[in-house]
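Subject: Handover of a structure

Dear colleague,

Please find below the structure that I am handing over to you. I would be grateful if you kept it open while reading the notes that come after it.

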Amino acid sequence: MVPSPSADHRTGAAARVATMGDVSPETLAPLSPYRRIDRADWARLAADLDQPLSETEVVEIRGIGDRLDLTEVREVYLPLSRLLSLYATSTKKLGAATSTFLQEEDDTTPFVVGVAGSVAVGKSTIARLLRELMSRWPGTPRVELVTTDGFLYPNAELERRGLMDRKGFPESYDRRALVEFLTKVKSGAEEARAPFYSHIRYDIVPDAHVVVRRPDVVIVEGLNVLQPPPAPNDVAVSDLFDFSVYVDADPDHIAQWYVERFLALRKGAFANPSSFFNVFAHLTDDEAVTTAMGYWNEINLPNLVENVQPTRHRASLVLNKGADHSVESVLLRKL
């Protein structure tokens, strides 16, 4: 399943990225459904907010290759978590008011937040961070996180379908199972179960599940969570979201982060004898860079260009990252 490192589609893919500017939220201005907020203005929203996390907690949340620090947490993600908590509590109040109007018992369901973006852009770290921060606000003490990795088809099924080299593309996911899971969550079911994915085994773990029992908030993180429905009468995963975040960055920057992460994993998780990727543990630096760029150019960049980045305009909020992983601006959809 390892793509040939000699093939390089970066030039063509990068050109396709460049042509997408005419459909991005930024270029819709001045008739834009988004507010554009510069980093400095967004950071001012945190002026009166207490920093709830310690440096140790931030290090534990931070993913490999991310440059998350206390300043980034305070200036970017603390106000974002406060905004999401306000949305969630306001939605809960609206649900209660609707139940009163209908003369029914209040049965408000969890507030669901989607987090989308490329491989290596830092969305997993952001999802974990938002879980921790939102749980500190009084209105949203119970927050659960589910990743769509659990809804990938098992490797045996991917092999049967000839999709192992397209793992992470939309067709490699059991979309129906994901929609059914979120439908349970949004219908108010007492319990919803998601499959569990092991990054060490690079596969679904049989009979292991992530169990969600009606929390205040469910965060759903994944590459393709903002994909439109495959057919006109189908339900999109994002139809079941109350709010969505897209983590955006220049593809050249993401490529660099991807290579850096691969090099770090080679000395970390890949060194585990049980790891699916243990075969890469003894590569030289040059071999590791070549291998990582092969994966990026043949799988991850085409997936970003064809499937992930085109969904950016569907997000409620877009975080625009710079070359150093820090957020430079925010796009917030107008109500």
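The following paragraphs describe what was found. Please bear in mind throughout that this is a predicted model.

I begin with a pair of strands. Strand E4 (residues 192-198) pairs with strand E5 (residues 203-212) in the antiparallel sense, over 7 bridges. Within this pairing, Ala192 stands opposite Val212 in E5. The two strands E4 and E5 form a hairpin with 4 residues between them, and Tyr202 in the turn has a positive phi of about 60°.

Two further residues also deserve attention for their backbone angles. As background, most residues other than glycine have a negative phi. Ala120, however, has a positive phi, near 70°. Ala120 sits in the loop between strand E2 (111-117) and helix H5 (123-134). Ala120 counts as buried because its relative accessibility is 11%, and buried means under 20%. His325 likewise has a positive phi, near 80°, and is located in the loop between strand E8 (317-321) and strand E9 (327-333). With a relative accessible area of 5%, His325 is buried.

Next comes the interior. In soluble globular proteins, nonpolar side chains tend to be buried together. The largest nonpolar core here has 96 residues, and those that touch the most other members are Tyr77, Phe181, Leu182, Ile219, Phe243, Leu317 and Leu319. Which residues is Phe243 in contact with, leaving aside its neighbours within four places in sequence? They are Leu84, Tyr87, Phe111, Val112, Val113, Gly114, Ser316, Leu317 and Leu332.

Tyr295 is a residue of helix H9 (residues 285-308). Is Tyr295 buried or exposed? Tyr295 is buried, since its relative accessible area of 7% falls under 20%. The C-alpha atoms of Tyr295 and Tyr258 are separated by 9.5 Å, although the two residues are 37 residues apart along the chain.

By type, the lining of the second largest pocket consists of 10 nonpolar, 3 polar and 5 charged residues.

I hope that these notes are of use as you look through the model.

Yours sincerely,
A colleague

Key
Residues numbered from 1 in each chain as written. Heavy atoms only, no water. Pairing = 2+ DSSP bridges. Nonpolar A, V, L, I, M, F, W, Y, C, P; charged D, E, K, R; others polar. Core = buried A, V, L, I, M, F, W, Y, C linked by side-chain atoms within 4.5 Å. Buried < 20%, exposed > 50% of the residue type's maximum accessible area, 1.4 Å probe, protein only. Contact = heavy atoms within 4.5 Å.
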